[in-house]
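This report describes one protein chain for a reader who is new to structures. Please look at the sequence and the model before reading on.

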Amino acid sequence: MASLQDYLFNGCINLNEVTACASTPPTANTNCFSNYDATLYVPKGSVSAYKNANVWKNFYNIVGIDIVDETMPGDVDGNDKVNIDDVTSLINYILNSIASGINTTNADIDGNGKVNIDDVTALIQLLLTGHL
């Protein structure tokens, strides 16, 4: 993910955890987050990069973890962003069963091995609250 959408998690006062899978911290504006008390989980080798990156360095607790894969649940259209376009793509995929341009791994938001309306609900929840 190259950058985060403005105001993506702003106002999410109950945000407890944020996991950033990218080795290089994505660009983010200061309006992206309003709660820096959440624990920020990043790839083990990238802790110092996040501690020195604008916006990310504002998190009080940055923890390095092993990242198993770099799938991005919710990035249905594969553009390295999770936004309303992914909701539209997911709904179109479910209604039309056309997988062209769809990352079905990322479309299975709830991780149950199926892509269905439950994933649309989970994706909307992810966009609105910042977590599943």
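## Surface and overall size

The protein chain has an accessible surface of about 7400 Å², and 48% of that area belongs to carbon and sulfur atoms. Accessible areas come from the Shrake-Rupley method with a 1.4 Å probe, and for residues only the protein chains shown count as cover. The model is predicted: local features need pLDDT of at least 70, side-chain atom pairs count only at pLDDT 80 or more, and totals for chains, interfaces and linings use all residues. Residues are numbered from 1 along each chain as its sequence is written, and side-chain values use heavy atoms, with hydrogens and water left out.

The C-alpha trace spans about 45 × 30 × 25 Å along its principal axes. Of the 132 residues, 39% count as buried. Buried means under 20% relative accessible area, exposed means over 50%, and partly exposed lies in between (1.4 Å probe, protein chains only).

Among contacts with a separation of 6 or more, 46% join residues 24 or more positions apart. A contact here means heavy atoms within 4.5 Å.

## Helices and strands

The protein chain contains four helices and three strands. Their order from the N terminus is β-β-α-β-α-α-α. Helices (H or I, at least four residues) and strands (E, at least two) are DSSP runs, numbered from the N terminus.

## The sheet

Strands of a sheet pair through backbone hydrogen bonds, either parallel or antiparallel. In this model, three strands form an open sheet in the order E1-E2-E3, and the pairing is parallel. Strand E1 (17–19) and strand E3 (61–65) are the edge strands, each pairing on one side only. From one strand to the next, the twist averages 25 degrees. Axes are lines fitted to C-alpha atoms, for helices over the stretch in contact, and angles run from 0 to 180 degrees between N-to-C directions.

Strand E2 (residues 39–43) pairs with E3 in the parallel sense over five bridges. Two strands count as paired if DSSP finds at least two bridges between them. Pro-43 stands opposite Ile-65 in E3.

## Cysteines

A disulfide is a covalent bond between the sulfur atoms of two cysteines. The cut-off used here is a pair of cysteine sulfur atoms within 2.5 Å. How many disulfides does a search of the whole structure find? The search finds zero. Cys-12 is in no disulfide, and the nearest cysteine sulfur, that of Cys-32, is 9.3 Å away. Cys-12 is buried, with a relative accessible area of 11%.

For Cys-21, the closest cysteine sulfur is also in Cys-32, but at 15 Å, which is too far for a bond. Cys-21 is partly exposed, at 25% relative accessible area.

## Individual residues

Tyr-7 has a phi near 60 degrees and lies in the segment before E1. With 56% relative accessibility, Tyr-7 counts as exposed. Val-55 has a phi of about 70 degrees and is found in the loop between H1 and E3. Val-55 is buried, with a relative accessible area of 4%.

Asn-52 belongs to helix H1 (residues 47–52) and counts as exposed, at 63% relative accessibility. Asn-52 and Pro-25 are 27 residues apart in sequence, and their C-alpha atoms are 9.4 Å apart in space.
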